[in-house]
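Here is a short report on selected parts of one structure. Look at the model first, then read on.

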Amino acid sequence: MRGSYDEKPWLALYDADIPAVIEREYDNALDMFRASARRAPNAAIIRYFDATITLAQLDELSDAFAVALSESGVAKGDRLALVLQNIPQFIIAVVAAWKLGAVIVPINPMYREREISTVLVDSGAIGVICLESLADLVIAATADTEVGTIIITTSELQFQTRTDPRIFGSTERIRADGTVDMMELIEQYRGSRPADVRLQPDDLALLPYTSGTTGPPKGSMNTHANVVFTAQIYRDWVGLAEGGSMFAVAPLFHITGLIANIAAPLLAAAASILTCRFHPVVSAESIAEHQATATIGAITVFIAWTNNPDVTPEHLSSFLSIYSGGAPIPKAALEAFRSKFGHYIHNGYGLTETNSPAIVVPFSKEAPVDADSGAVSIGVPVSSTTAWVVDDDGAEVPVGQIGEIVVAGPQVARGYWNKPEETEHAMPGGRLHTGDVGFMDTEGWFYIVDRKKDQINASGFKVWPREVEDVLYEHPAIREAAVVGLVDAYRGETVKAFVSIKDGAEVTIEEIIAFCKERLAAYKCPRIVEVIDDLPKTVTGKILRRELREEPSSPG
């Protein structure tokens, strides 16, 4: 049958310079970095407002910080947590950790105490590097964890001197008790070099946490081999050439940011352009100032640029390559962006467990749109990668039929940290069951049409309903709670909570939302809350989220 998975019809869609199979160029991400530093020591690798850091400078800064960490007791295999925004210190810390053979545990700086603590406890991290403004929160979160005295703080004000009030308006330098300053440590050990460490391809490089396909957050064991392979994919498929630059709109704590904005630039000797956090106009000005050639971000970023009259086509004129990941691209948003800026947005698909890129639209192609669902294709499996669509029993379904997308290739993580049963469930035989429902057409294009589970995708961030429900159940006035995702033209999905109130209790919707904001990252908090008498249930008492999603939304 034409278009069967075994025939890999997608290979005919590859650009002429993209091979079907690629070999990993380096055994580990540290060797990858060092090769670029030797090849192009004076190439800019970080641009941060008016600051520029070259590969040689990054090598020196990370050497010093690695020695400081080593003196504090960090060694090969130890986990080091980062609670930082898109600032140079994030990249310095990553390279320094790799020089010791340590493993980076990226944590969303929007997390609250309980969320940070959950990751620290599960990962067994022995140290944390965080923003000064988050020090008190992080210190509180380290109680009952393996983190000892290694609490290092840093400021987003460092390196740059422009201090744009649109980004740094309320930022102040603060030194919390019990912490040390990262830049002071670097100055203390500047000129020192850490002892050599031998890294194997299967050694862990990153331990990002994800809700995965089932259950609460799990650590994805992403190896050095995974990182090198996916850096090559981004370099070659997105076209990140030496001397080019990646505008880092994806957060560095997210898998897309870790690979697209750190690993791929380190491989290509291309600059990563950082702006701490996303601001539509500031980011556009930075793109124009530093002549960014590529970017990869959630569709919400491109929608924000499209709808902002102060962002002009001239701001984005240097782009040669634009990709979007994290959430499906609505066709209307794609067309509106191209109408204003003249750039086509290519789709890309991946998960934390695939180290980001797994299915990507080739650069010379435009993604087709499925006539029945209106879905824009997410692309084709990248080099050395295979994808299938399977039924609930794991058997391949015929081409064109809907089922769960399964991926296998060198980008698939080693498994979940200390969770062998969940690893076997989600990655039997090394094939990752993504939890996303879609199909492949006869030409080899893949499409996503729904989610297998109840996971919510808000602005590219994954939200697990149970985590939000657990917080809602902590409220003394709430009897029952259920959380669902509603389609949102801007965010992809918006979190909505349905709650029933205990007899005799009184609470306002505003109070419920405020309660959640104190305990959850902002993107996880319900933006809509609806109070109903009773939640729909099965005969066994299980709440039917499906029926709640199908109910017409009331004002809340």
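Leaving aside neighbours within four places in sequence, threonine 179 is in contact (heavy atoms within 4.5 Å) with Ala135, Ile139, Ile151 and Thr153. The model is predicted: local features need pLDDT of at least 70, side-chain atom pairs count only at pLDDT 80 or more, and totals for chains, interfaces and linings use all residues. Residues are numbered from 1 along each chain as its sequence is written, and side-chain values use heavy atoms, with hydrogens and water left out.

**Threonine 179**

Threonine 179 sits in the loop between helix 6 (165-168) and strand 7 (180-181). Helices (H or I, at least four residues) and strands (E, at least two) are DSSP runs, numbered from the N terminus. The relative accessibility of threonine 179 is 9%, so this residue counts as buried. Buried means under 20% relative accessible area, exposed means over 50%, and partly exposed lies in between (1.4 Å probe, protein chains only). A polar atom of the threonine 179 side chain lies 2.7 Å from the backbone oxygen of alanine 176.

**Strand 20 and its partners**

Strand 20 (residues 403-408) is largely enclosed by the rest of the structure, because 6 of its 6 residues are buried. Strand 20 pairs with strand 19 (residues 386-390) and with strand 21 (residues 432-440). Two strands pair if DSSP finds at least two bridges between them. Valine 406 is the bridge partner of tryptophan 388. Valine 406 also stands opposite histidine 433 in strand 21.

The table lists these pairings, with one from the sheet described below.

| Strands | Direction | Bridges |
|---|---|---|
| Strand 19 and strand 20 | antiparallel | 5 bridges |
| Strand 20 and strand 21 | antiparallel | 4 bridges |
| Strand 26 and strand 27 | parallel | 4 bridges |

In a regular strand, side chains alternate between the two faces of the sheet.

Valine 499 stands opposite valine 531 in strand 27.

How values were computed
Polar contact = N/O pair within 3.5 Å; in protein donor to acceptor, adjacent residues only side chain to side chain.
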